[in-house]
Amino acid sequence: MKNTYSLDLASSLSERLTLVITTHNRPAFLLRALQYYVDFPCKILVLDSSPVLCKGLAERFPNVDYQHLPQFGYGVLQAKLAHGVALVTTPYMLFAADDDFILHSGITQSLEFLEATPDYGACYGYSVMYMTQGNKVQYYRRDKKVQEDYSSDRPERRIRDFLSQFIPPFYSVTRTEILRDWFAVVPLDIGFEWAEIGHAYYLSMSAKVRILPIPYSVRETKYTSDHGSNVVNVLKPLDPKLESERQHYAEFFSSLSTTITDLSLEQIKQSTLESFEAMKEGLMTAVALTVKPIFDSSWSSPLEGPQRRFNPEQFVEMPFYNKAFFDQLTDIEFLAHAMPAGLLQLEVLEGIWVQQDEALRVHDTDNLKTITGRLWPAMDLSPFNKRLVETLANNLKLLAEPEEAAAMFDWVQRLDAISIEDRSAQLASMPSGRLLKWLEQRTPSVDEAALIAGHLEIHQGGPQFCIMLLNTDNDNSKLQITLDSLMESEFRAFKIVVFTNGMPATTTTAQDMLHFVKVNADNYIDKLNQVARETSCDWVILANGGDQFTRSGLLRTSLELLAAPQCRAVFADEIQRVPSGSLHDVFRQGFSLDMLRSLPSLMARHWLIRKDVFVEAGGYSADFSGALEFDLLLRIIERGGMDWLAHLDEPLLICDQPWTDENSHESLALNRHLTSYGYKAKVNSKLPGTYQVDYRHRTQPKVSIIVQSHDNVGSLKQCLTSVLLKTRYRLYEVLIVDNQSTDPETVTWLGQQEHEGRRVRVLRNEQGLNASALLNEACRQATGDYLVLLSDDGEVVSPNWIELLLNQAQRPEVGVVGAKLMERDGTITQAGLILGLNDGVGSPFVGEKEDANGYLQRLRVEQSYSAVSANCLMVRKALFDAVGGLDETDFAEAYSDVDLCLKIRQTGHMTVWTPQVEIIHPGTMPKSAGALEKLRTKWSSQFAHDPAYNSNLSLIGKGFTLGDASSVNWAPLLV
C-alpha cells in the first residue's frame, strides 16, 4: 500500500504515535503486516516472542524497531506487552495483531480526536471481519452500532456502560500513560479473558472513551468462534472456582479505582460486579458483537479488480458503505492474496499452486498457443502467482497481443513491489510439494533408463500393456494430459485404446499404438470387453482421461512382472487429487480381501489384470456399471482364490480422488460375491463408500475367554465384571489362570470365583510358569472352539463384542482377529501392529481420537494385519493347537502373540483387525530387547517389508506418513 502523507504529518506522527505489533511464530503474518504499515509514518515497534528470529525483516524494513523476545512465550503475553509498553516514548500508542489491518485513516482520525479532547483516554471505530480462502475473501459484520461516547463524569457509570456494550478496545489508539499505568499493576499471570476485561475496565475507569462512526479495522475471524465467547465463560458463575475467580478480580479491579472517590471499597466492588453482569448479558444477547456474513470478494484477473457479491441482508447503519472504504479493502485484499499467511488460505492455495505448476510444465507436444491456452484458466484460479503471470505476459508478447501483454507486465511490477515469495518455493514446503519432490526421485536416470531398456529388450520388450482410457465426456484436454504422461515416460511397451463418445481425432486401427473407439452409454462396456479379448497385449488396465501415469510406475511394474509370471492381477499405489487440487498419497497395504470388500472405491481401481484372467472371469459386467473393476476383481477371487494377487509399492497414477457417495452397484456386487460363498450376509454402510459385512454365520460356537492372574485383584475385578455384565453372547466360559498369587485379597477373591458356580473357572498353577506357558496351559484346558486372550487390565465396551469377533473368526480364511484398544476418553492406544515401526513392533494411530478415520480410512474398516496384540485376540482353538500355541522358549515373556499371528499366517490364514470391537486398555507393548531380536531373526522377511504397511511410508512416529524421498533401486530388478 502506498499512501501519500505530507512531510509535516510524517514527521509529527513519528513523534506522537507508536504502533506496537505483537506476533508469535507467524513470520508470514508479520511480514505482511509490516508491508501494510510500511508507509504509515509513525514509529513501529514489533514484539516477537517466537523462538526463532524472523529472517530478512531488518533488510526489508530498516526503520522498524524489531524486538526479538523469545523469553516471553505464548503463555506470558502480559509480560511481553508490559515490556513493549515500557519501550514506547510517544504520548500515544496502539497495539496491532499481526493478522489484522487497522486502517490508516482510522488511526489518524482517532489520534486527532484524542489530541483535541484531553479528557478522553482511548479512541477507535468499528471493525469488520475477514477470512481469506484461495482467491476469495469472505467478510463478516462484527460490530453493531452502540453508544459511541462514554463520557460520563462518573467512572463507575462509564465502566458499566462501556462493558455492557463491549466492543474490544485493545487495538484502540490510547494515551500511553494509561497503558503504562495498567501494565504496571496487572498480574503477569492473569488469564487472557480477565486481562481483556481488565484492560477495558481500566481504560474506561481512567478516562472517557470514544468510538467514532468510522471504519477502523479489518480483523481476521477465527475458524471456530469469534471474539467474546471465552470472556462470557469466565463471567458465568458456572462453578465455585469460576465464582471465586470473579469475586477475586472484582476486588482487584476495585482496588485500582482511584478515580472513584465518593464510594466505599465495598460499593465499588458491588458496582464492578454489576458491570461484569452487564457485560455478560450484553455478550450473550449480542448487543454489540455478532458475526454475520455480509459480502464476499473474488479476485481472479489482473485486468479487473475484485468482484464483490453482497448478501441479501446488509447493515447500512454501519460506516462501511462508501467508496473510500472499499478502495482501502482493495489494497488490503491485494496484500492478503499476494502475501498469503492464514492456515485455511494456504490449504486452498496449495491445490491452486499444484494446478498452476502443472499448467506451467512444458510437454513435448506443446507449442506457444497450447501453453498460453492452459495459462489463462490457471491464472483465473489466482492471479497472484508471479511466475505464471510473467510467463503468460511473455507468451502474449510473442503472440503479438501487446495490450494484454502490457497489462500483465504492469501486474508483475505491482507484485514485484512487495517482493513476494516465489510460489514454487512455497509449494515445495507443503504436503503436495513434498509429494511431488518425492515422486521426482523415482524417475530413473539416463544411465538407469538405458540399462532397463537393454534388459527389457533381452526379454522381448517385457510384458505388454493395453491401456484402456475412458473419455466418455469427450474432454480432449483431459485426454491430452494422459497421453502426455505416457509419451514422456521411458516406457513404451503399451497400446492405448481411447473410448470416446465424440468424433475420434483421427482414423486408427487396433494395430496402432493409439487407437480410438467410438462408443455410447449403452455399448461402451461391451466395447471394453471386446478390446480386452482381442488385444495382443498381455495385461489390461482401465483408466480415465485426465489420469497421469508416473514416470516410474509402468516401468517398474514391467520389471517386477518379468520375475513373477504366475501373477494374475496387480495393483499399485497412486497419488490422488482432491477437489481443491492438492495431492494426497495413497500408499496401500499388500492385498487384503477385507480392505477390498470394505473400501472398494479406494482398493479396486486401476488394477493391471492379466488378459487370460480377465477373459476367463468374463470381463466387465454391464449389470455393475458403477463398480466395473470391483465386480470383476470379486469374480477373479471367486474363480481362483487370492493367490498371486499382488501389490507394488510404487505410484502408478496421479488421478482424481474417487467420489465416496452411496454406490448401489458396489453393495450389489458385494452381496452377489458373498452369496457365492454361501453367506446370507448383510452389508452395512455407516460411512459413504465403506462397507461392513455381517456374515451371519449359522453356528454359535463356544468361546473360552482366558485371563491371566498374579496378585492383580484390582484390575482383574474390573476386567471380569465388564465381561460378565456386558457380554451378550451366552455360550462362553472364562478361565482365570493364576500364576502363584500370594496377595491375600487376590487369593480370597479367586477362591470366591471357584465356589460361586458361575461360568468362571480358576486354574491354579503351582509351578511358576512363564507368561506364554501359562496361557498355553489354560488353552489346553479350555473347552471352547474359539479362544480369546484378554489382558487382565482390559475392559469390554460393547455387549456384542464376542459376536463381532466371531463374525470375522468363523470365516474359513481367517485365523486371528484383533480389536481396537483405547483409553476411557476414546483416545486410541492400539490399532493393529506394524513390524518395524519405531524400530520394533508398534501400533499406528496411537493418540488419535476414537472417531478419527485414519490414513485411507484404516481406523474405520476391517483389514488384514501381520499381527495383533494378545491384549484382546481371538483365535480358532484347532489352529492354535496346530501351530503349537505360544512359543514358551524364545518369546516366554514378550512377543509371543506376534509370533503366533505370523505362524498362523504361514498356514494360509489371515489375521484380521476390526475397529468394531473396542476394549479399554492402555495398549502398552512389552519391552524385551532379547525377544525382539529373536523375533527379527525368525521373521526377517516380514520385518524387511510388512505387507500390512507400505515401504513408501515412514516407520517413525505414529506411522502412515510420507517417508523420505529416495530413488528406486533398479539393480535387483535387472537380474
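1. A salt bridge is taken here as a side-chain nitrogen of Lys or Arg within 4 Å of a carboxyl oxygen of Asp or Glu. In this predicted model, R556 and E560 meet that criterion, with their closest N and O atoms 3.4 Å apart. Both residues belong to helix α22 (residues 553-562), where they are four residues apart, about one turn of the helix. R556 is buried, its relative accessible area being 15%, whereas E560, at 27% relative accessibility, counts as partly exposed.

2. A second salt bridge joins R577 to D656, and here the closest N and O atoms are 2.9 Å apart. R577 lies in strand β18 (residues 569-577) and D656 in strand β21 (residues 645-656), so this pair ties together parts that are 79 residues apart in sequence. R577 is buried, with a relative accessible area of 18%; D656 is partly exposed, with 40%.

3. R811 and E813 also meet through their side chains in a salt bridge, at 2.9 Å from N to O. Both partners fall under the 20% limit for burial: R811 has a relative accessibility of 0% and counts as buried, and E813 counts as buried at 17%.

4. F252 and F253 are both buried. These two residues also take part in one aromatic cluster, together with W182, W194, Y201, Y202, Y249 and F276.

5. The pair F465 and F491 is likewise described by its ring geometry: the centres are 5.6 Å apart and the planes stand at 45°, so the pair is tilted. F465 lies in strand β13 (residues 465-471), while F491 lies in the loop between α20 (476-487) and β14 (494-500), so the contact ties together parts that are 26 residues apart in sequence. Both F465 and F491 are buried.

6. Helix α16 (residues 402-416) has 15 residues and reaches 21 Å from its first C-alpha to its last, close to the 21 Å expected at 1.5 Å a residue. Its buried residues include A405, M408, W411, V412 and L415. They cover an arc of only 120° around the axis, which puts them on the same side of α16. On the other side of this helix, P402, E403 and Q413 are exposed. The cover over the buried residues of α16 includes α12 (323-338), α14 (368-381) and α15 (386-398).

7. T482 is placed in helix α20. With a relative accessibility of 0%, T482 counts as buried. Leaving aside residues up to four places away in sequence, T482 touches L469, N544, G545, G546, D547 and F549.

Notes:
Residues are numbered from 1 along each chain as its sequence is written. This is a predicted model: local features need pLDDT of at least 70, side-chain atom pairs count only at pLDDT 80 or more; totals for chains, interfaces and linings use all residues. Side-chain values use heavy atoms; hydrogens and water are left out. Helices (H or I, at least four residues) and strands (E, at least two) are DSSP runs, numbered from the N terminus. The expected span of a helix is 1.5 Å times one less than its number of residues. Buried means under 20% relative accessible area, exposed over 50%, partly exposed in between (1.4 Å probe, protein chains only). The arc is that of the directions from the helix axis to the C-beta atoms. Contact means heavy atoms within 4.5 Å. Rings of Phe, Tyr and Trp (its six-membered ring) pair if their centres lie within 6.5 Å; planes under 30 degrees apart count as stacked, over 60 as edge-to-face and the rest as tilted.
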